[in-house]
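Here is a friendly walk through the packing of this model. Have the sequence and the coordinates open as you read.

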Amino acid sequence: MSRLLTPLKKVRGLGSAKEGVHHWWMQRVSAVALVPLTLWAAFSVASMAGKPYEAVLTYFAAPFNVAMFTLFLFAGFYHASLGLQVFIEDYIHHENTKIVTLIAMKLLMVLLGTVSILAVLRVTFGG
Amino acid sequence: MQNSTKRPLSPFMLGTHYKWQLTSATSLLHRATGIAAAVGSLVVVYWLTSLAAGPQAFDIATSFLGSWLGKFILFFWTWALFYHLCNGIRHLMWDLDYGFDLPTTYLTGKIVIIASAILNLLLWLVA
């Protein structure tokens, strides 16, 4: 049966005729952004270790800190979803399991990213 | 998948069919630390949501994260994050077609391991 498929038909779906180049580029672009963002976020949080609640609120009251932290979270969860996608595609070969796992992972990354960004914004703007 | 009979699948051929080398170890670690970083992001989500929830929830979170077990997990998580960051720069360098010769890949591999350890120690000096 598969002999009747054209080469284009074979690579459709998650194959090379889809959006591999876009995925590859976005993984690199988000990686470049995450180099300074991760270093900045990690050392910011480390400097807050052991500090009281109010000190952390003060940190998240500064617009620059909020902007950088939000960008770190956005780029981080985006990069994680791209990376985990490759891992799932490489190691899960059962087609249905793979699709279900991919969708679950993507939705989970969107959920975690949204929740964490909203938490930051609530700390900044909420009372 | 039909025409791949019993060929060993990366990374499971390491050790049995294929000799361990620094280059294969750093490659495997890149993927492992990427997954570890993604799983460990749950700690970030927990820290931020507890901060948004209020002082009581934040105190519970910080007392757990500041405990012996919390610090133990965080120490290895931040090391994994820094390893992935440093080796990610190595990968970006390769993407730009630099450092592909064997002596350079070994040298940069060693630099990545040492740099990630130094970054992690610096972070824990700040914390």
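Leaving aside neighbours within four places in sequence, which residues is B:Leu51 in contact with? They are A:Val56, A:Ala119, A:Val123 and B:Phe58, where contact means that C-beta atoms, placed from the backbone, lie within 7 Å.

A word on the source: this is a predicted model, in which local features need pLDDT of at least 70, side-chain atom pairs count only at pLDDT 80 or more, and totals for chains, interfaces and linings use all residues. Residues are numbered from 1 along each chain as its sequence is written, while chains are lettered from A and ligands numbered from 1 in the order in which they are written.

B:Leu48 and B:Leu51 touch the most other members of the largest nonpolar core, which has 35 residues. Such a core is a set of buried Ala, Val, Leu, Ile, Met, Phe, Trp, Tyr and Cys residues joined through C-beta atoms within 7 Å; buried means 20 or more other C-beta atoms within 10 Å of a residue's own. H1(B) gives the largest share of this core, seven residues. Helices here are DSSP runs (H or I, at least four residues), numbered from the N terminus.

Between the chains, 25 residues of chain B are in contact with 26 residues of chain A. On the chain B side, H1(B) again supplies the largest share, eleven residues.

Two contact surfaces by class (nonpolar: Ala, Val, Leu, Ile, Met, Phe, Trp, Tyr, Cys and Pro; charged: Asp, Glu, Lys and Arg; polar: the others, Gly among them):

| Surface | Residues by class |
|---|---|
| Side of chain B that touches chain A | 17 nonpolar, six polar, two charged residues |
| Contact of H4(A) with H5(A) | 14 nonpolar, seven polar, three charged residues |

Key:
A residue is buried if 20 or more other C-beta atoms lie within 10 Å of its own, exposed if 12 or fewer, and partly exposed in between; C-beta atoms are placed from the backbone. Helices (H or I, at least four residues) and strands (E, at least two) are DSSP runs, numbered from the N terminus. Two residues are in contact if their C-beta atoms, placed from the backbone, lie within 7 Å.
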